[in-house]
Amino acid sequence: EVERVIKEEGERAAIEAGVPGLHPEILKLLGRLRFRTSYGQNQHHHAIESSRLAAILAAELGADVKVAKTAGLLHDIGKAIDHEFEGTHTKLGVEFIKRFGVNNPKILNAIAAHHHEEEPQCIEAVIVEVADAISGARPGARRENVETFLKRVRDLEDIATSQPGVAEAYAIQAGREVRVVVRPDDI
């Protein structure tokens, strides 16, 4: 029954992302992501969401939408096998999809470059990196409830404003960056 669910979930991911024609072995790995989380975020949902975001960004920027959404869907596929083999999930993912017919250099580069293991060679690689970051950083993506998220952001801002000469502070990008406004006369 688990194998049936894996197959169905892989097919569903490809349909929802609008990426037809993937090899059954690739679909199987996509289905396995249904049972994988990273920092509390379901990787199956993350793959679909990243694909959709990449497609939207590519359309807005005039990039290749098909390449962006395919790479967005497959960017973390190596996470379905990284516990079985040596290597990073990006390298394992690239090698796996190459074996099963995905040989577009832009797709391969986008997957390999989304964690800076390779330099991005095309705009689609940058788009996939951005889509991945948006999906992972949005509030609620990683099982953090809104109250906990807001408290964490307020705590970051409070730490910054407690420093001498700081007038205001704003935590942005899900708390990954803090903008600080200082009093120039004091600093």
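Analyst: Let's begin in helix α1, which covers residues 2–17: Glu8 and Arg4 sit four residues apart there, so about one helical turn separates them. Keep in mind that this is a predicted model.

User: Okay, and what do the side chains of Glu8 and Arg4 do?
Analyst: They meet in a salt bridge, with 2.9 Å from N to O. As background, side chains of opposite charge can pair when their charged atoms come close.

User: Which side chain does Glu16 meet in a salt bridge?
Analyst: That would be Arg12, at 2.4 Å from N to O. Glu16 and Arg12 are both in helix α1 and four residues apart, about one turn of the helix. Glu16 counts as partly exposed at 31% relative accessibility, and Arg12 does too at 33%.

User: How many salt bridges are there in total?
Analyst: The count comes to 13. Another one to look at joins Lys79 and Asp76, with an N to O distance of 3.6 Å.

User: And Lys79 and Asp76, buried or exposed?
Analyst: Buried, in both cases. Lys79 has a relative accessible area of 12% and Asp76 has 3%; the cut-off for buried is under 20%, so both fall below it.

User: Which residues are joined into a network by salt bridges that share partners?
Analyst: Glu9, Arg12, Glu16, Arg34 and Arg52 form one network that way.

User: Tell me about Glu9, then. Where does it lie?
Analyst: Glu9 lies in helix α1. Its relative accessible area is 14%, which makes Glu9 a buried residue. Setting aside neighbours within four places in sequence, Glu9 is in contact with Gly31, Arg34 and His44.

User: Switching topics: how many aromatic pairs does the structure hold?
Analyst: One. The pair is Phe96 and Phe100, with ring centres 4.8 Å apart and planes at 45°, so it is tilted.

User: Are Phe96 and Phe100 buried or partly exposed?
Analyst: One of each. Phe96 is buried, with a relative accessible area of 9%, while Phe100 counts as partly exposed at 24%.

User: Now the packing. How many residues does the largest nonpolar core have?
Analyst: It has 33 residues, and those with the most contacts inside it are Leu22, Ile26, Leu30, Leu73, Leu74 and Ile97. Helices α1, α2 (24–32), α3 (43–61), α4 (65–74), α5 (89–99), α6 (105–113) and α7 (123–137) each supply at least two residues of this core. The largest share comes from α6, with six residues.

User: What is Ile26 in contact with?
Analyst: Leaving out neighbours within four places in sequence, Ile26 is in contact with Leu74, Ile77, Phe96, Ile97, Phe100 and Val102. That list includes both members of the aromatic pair, Phe96 and Phe100.

User: What else is there besides that core?
Analyst: Another core lies apart from it, with six residues, among them Ala58, Ala63, Ile127 and Ala131.

User: And the surface? Which residues make the nonpolar patch?
Analyst: Leu61, Ile123, Val126, Val130 and Ile134 make a patch of about 390 Å². Helix α7 gives the most to the patch, with four residues. Ile134 is found in α7 and counts as partly exposed at 38% relative accessibility.

User: Last one. Where does Lys98 lie, and what is it in contact with?
Analyst: Lys98 lies in helix α5 and counts as partly exposed, at 35% relative accessibility. Neighbours within four places in sequence aside, Lys98 is in contact with Asn103 and Leu108.

User: How far apart are the C-alpha atoms of Lys98 and Gly72?
Analyst: They are separated by 16 Å, and the two residues are 26 apart along the chain.

Definitions and conventions. Residues numbered from 1 in each chain as written. Predicted model: local features only at pLDDT ≥ 70, side-chain atom pairs only at ≥ 80, totals over all residues. Heavy atoms only, no water. Salt bridge = Lys/Arg side-chain N within 4 Å of Asp/Glu carboxyl O. Buried < 20%, exposed > 50% of the residue type's maximum accessible area, 1.4 Å probe, protein only. Phe/Tyr/Trp six-rings, centres within 6.5 Å; stacked < 30°, edge-to-face > 60°. Contact = heavy atoms within 4.5 Å. Core = buried A, V, L, I, M, F, W, Y, C linked by side-chain atoms within 4.5 Å. Patch = residues over 30% accessible without salt bridge, like charges linked within 9 Å, V, L, I, M, F, W, Y side chains within 5 Å. Areas by Shrake-Rupley, 256 points an atom, 1.4 Å probe, with all protein chains shown as cover.
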